[in-house]
2 protein chains.
Amino acid sequence: MGSKKKWWQGKMKKAGLRLTAPRLSIIDVLIHSDDHPSAEEIYLALRRQYKKHTIGLTTIYRTLDILVQLGIVYKFDFGDGRTRYELSEGPNGFHHHHHLVCNGCGHIVDYTDFIDEEKELLDRTEKGLAKKYNFSIHHHLIQFYGLCEHCR
Amino acid sequence: MGSKKKWWQGKMKKAGLRLTAPRLSIIDVLIHSDDHPSAEEIYLALRRQYKKHTIGLTTIYRTLDILVQLGIVYKFDFGDGRTRYELSEGPNGFHHHHHLVCNGCGHIVDYTDFIDEEKELLDRTEKGLAKKYNFSIHHHLIQFYGLCEHCR
DNA sequence: TTATTAGTGGAAACCATTATCAATTACTGT
DNA sequence: ACAGTAATTGATAATGGTTTCCACTAATAA
Ligand SMILES: [Mn+2]
Ligand SMILES: [Mn+2]
Ligand SMILES: [Zn+2]
Ligand SMILES: [Zn+2]
């Protein structure tokens, strides 16, 4: 029962990385977060959680970089001056979605609407671009910007 | 002949902004640029151009903000730590395109492939999202990330 | 255990962007 | 043209998110 392998542990081990307490804690914060925390927000969440030993902000940045590299975490710029992060896979498998950003208050909406039709077109576009421009394409980013009902 | 009104001049006048030399120079750099210069790159281009009087970096940032606000210029984050800019309209009218980013060397490709099919889907998606989440959507961002043939 | 290597975190440095503010410039009305 | 005024400029200083440094600690190997 203690042997329940989390999906990211394999990835980290395979990359020759140690499963340290700080790293696991950081992933844990992301798992239990329902939005897109910045490095500092993760740092503060961990401070609240473990009053005694604080995990350094440096470690947060380093770990996030690693997790992004491994594809465990996605990294976003929503235009508020800080990089924001999100787990690439939810507890129930992949949770492919994109973002709707309010230019007024910065509120972010995760949406999955039209994702299937989009996927079809994006796949086609990716193939086309890859061939035409000799790129190997790894991922894409789609964001809509506007004003939420409160900021309108 | 000197009365040839450039399309952005109307927008600026209408917004109550003065058509100063620095502002016109900055737009000029963007017009003659075929890529996506950062504020500093625009600053350096202007220094090369006008040996005598240098336009301050502060003015560049301020002007770019204004131009973005007016929709004359688009603003991008391609992940290299500096904001990059591009005119929203080319000499021959709108030039709607998106970007392909090389994670290796940072090279950016402007592409217009599949833009029509994309437009159709995006319009539909925008309408759907606007209604469902009560957003007024103003624009969207699409970027593909990968490795160019040289960095592969 | 000892040796070796990976990981940590406080402090200092970095660097793109923003705020300040005195001097200059563009526009308005005379 | 001229003066009045409010907008604009730009050198300098400050800000703030992120990185670098490096001595120390923890994990793995021999
Ligand atoms: Mn999300
Ligand atoms: Mn472009
Ligand atoms: Zn809002
Ligand atoms: Zn490349």
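Guide: Here are the metal sites and the DNA surface, term by term.

Guide: This is a predicted model, in which local features need pLDDT of at least 70 and side-chain atom pairs pLDDT 80 or more, while totals for chains, interfaces and linings use all residues. Residues are numbered from 1 along each chain as its sequence is written, chains are lettered from A and ligands numbered from 1 in the order in which they are written, and side-chain values use heavy atoms, leaving out hydrogens and water.

Visitor: What makes the arrangement around the zinc ion (ligand 4) tetrahedral?

Guide: Its donors are the SG atoms of C102(B), C105(B), C148(B) and C151(B), at 2.2 to 2.4 Å. A donor is an N, O or S atom within 2.8 Å of the metal (3.2 Å for Na, K and Ca), and since water is not among the atoms, sites may look incomplete. Four donors count as tetrahedral if all angles lie between 85 and 135 degrees. The angles here are 103 to 116°, so the arrangement is tetrahedral. Ideal tetrahedral angles are 109.5 degrees.

Visitor: How are these zinc donors spaced along the chain?

Guide: They follow C-x2-C-x42-C-x2-C. C105(B), in the loop between β5 (98-102) and β6 (108-111) of chain B, and C151(B), in the segment after β7 (136-147), are 46 residues apart. Strands are DSSP runs of E, at least two residues long, and helices are runs of H or I, at least four, numbered from the N terminus.

Visitor: Which residues coordinate the manganese ion (ligand 1)?

Guide: H36(A), H97(A) and H99(A) through NE2, E86(A) through OE and D110(A) through OD, at 2.0 to 2.4 Å.

Visitor: Why does H99(A) count as buried, and why does D110(A) count as partly exposed?

Guide: Buried means under 20% relative accessible area, exposed over 50%, and partly exposed in between (1.4 Å probe, protein chains only). H99(A) has 1% relative accessibility, so H99(A) is buried. D110(A) has 28%, so D110(A) is partly exposed.

Visitor: How do you know that T20(B) makes a polar contact with DNA strand D?

Guide: A polar contact is a pair of N or O atoms within 3.5 Å; within protein, one must be able to donate a hydrogen and the other to accept it, and residues adjacent in sequence count only if both atoms are side-chain atoms. On T58(B), a polar side-chain atom is 3.4 Å from a base nitrogen of DNA strand D.

Terms used: Four donors count as tetrahedral if all angles lie between 85 and 135 degrees; four count as square planar and six as octahedral if opposite donors are over 155 degrees apart and all others between 65 and 115; anything else is irregular.
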